[in-house]
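Dear colleague,

Please find the structure below, handed over for your use.

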Amino acid sequence: MSELSFSQSSQAAALSPDAAAPGLAWFCLRTQPKHEKIAAQHLTLMGDVEVFNPRIRFTRRTRLGPMPVTESMFPNYLFARFDWRTAFNRVHYATGVSGVVHFGERYPIIPEDRKSTRLNS
């Protein structure tokens with residue numbers, strides 16, 4: 001799995017790729033609670049960001065009887081494909097987005113083959 005490293009410079013923080021990290025890649029984004037749809041809409045409006053927000057529809061029992069409900073399959077998370085060199089800050093600070101998922105100074109990239117075979121099936 002490819003990753004991006006986060007390195008500190010004296011003036012600003014910048015992303016630097018490990019090995020041959022591509023510019024255009026899929027990332028996992030953490031959203032504000034119950035704001036997956038809002039975040040996805042704002043990211044889509046940027047134009048150069050592709051968003052994948054899998055949702056599931058089911059029936060929930062309530063006091064008023066069974067009600068159809070649509071919720072995010074992964075609460076507080078969605079996936080976005082963008083060029084990290086040009087769009088990272090816009091995506092990171094977009095409305096409804098809490099941040100790009102990272103582990104310390106590393107930002108994992110979701111491989112194209114994994115996303116297409118696992119998430120779209």
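Two residues are said to be in contact when heavy atoms lie within 4.5 Å. On that basis, among the contacts in the protein chain with a separation of 6 or more, 69% are between residues 24 or more positions apart. Please note that this is a predicted model.

Overall composition

The protein chain holds three helices and nine strands. Along the sequence these elements follow the pattern β-β-β-α-β-β-β-β-α-β-β-α. Of the 121 residues in the protein chain, 36% are buried.

The four-stranded sheet

An open sheet is formed by four strands in the order E4-E7-E3-E8, with antiparallel pairing. Strand E4 (50-52) and strand E8 (97-100) are the edge strands, each pairing on one side only. From one strand to the next, the twist averages 30°.

Within this sheet, three bridges link strand E3 (residues 24-31) to E8 in the antiparallel sense. In this part of the model, Leu29 is the residue that stands opposite Val100 in E8.

Helices on the sheet

Two helices deserve mention together with the sheet. Helix H1 (residues 36-45) lies across E3, E4, strand E7 (77-83) and E8, and runs at about 10° to E7. Helix H2 (residues 84-92) also packs on the sheet, where H2 touches E3, E7 and E8. The direction of H2 makes about 145° with that of E7.

A residue of helix H2

Neighbours within four places in sequence left aside, the residues in contact with His92 are Val97, Gly99 and Val100. Val100 is also the residue of E8 that Leu29 stands opposite.

Strand E5 (residues 55-62) and strand E6 (residues 65-72) run antiparallel and are joined by eight bridges.

Yours sincerely

Definitions and conventions. Residues are numbered from 1 along each chain as its sequence is written. This is a predicted model: local features need pLDDT of at least 70, side-chain atom pairs count only at pLDDT 80 or more; totals for chains, interfaces and linings use all residues. Side-chain values use heavy atoms; hydrogens and water are left out. Two strands pair if DSSP finds at least two bridges between them. Axes are lines fitted to C-alpha atoms, for helices over the stretch in contact, and angles run from 0 to 180 degrees between N-to-C directions. Buried means under 20% relative accessible area, exposed over 50%, partly exposed in between (1.4 Å probe, protein chains only).
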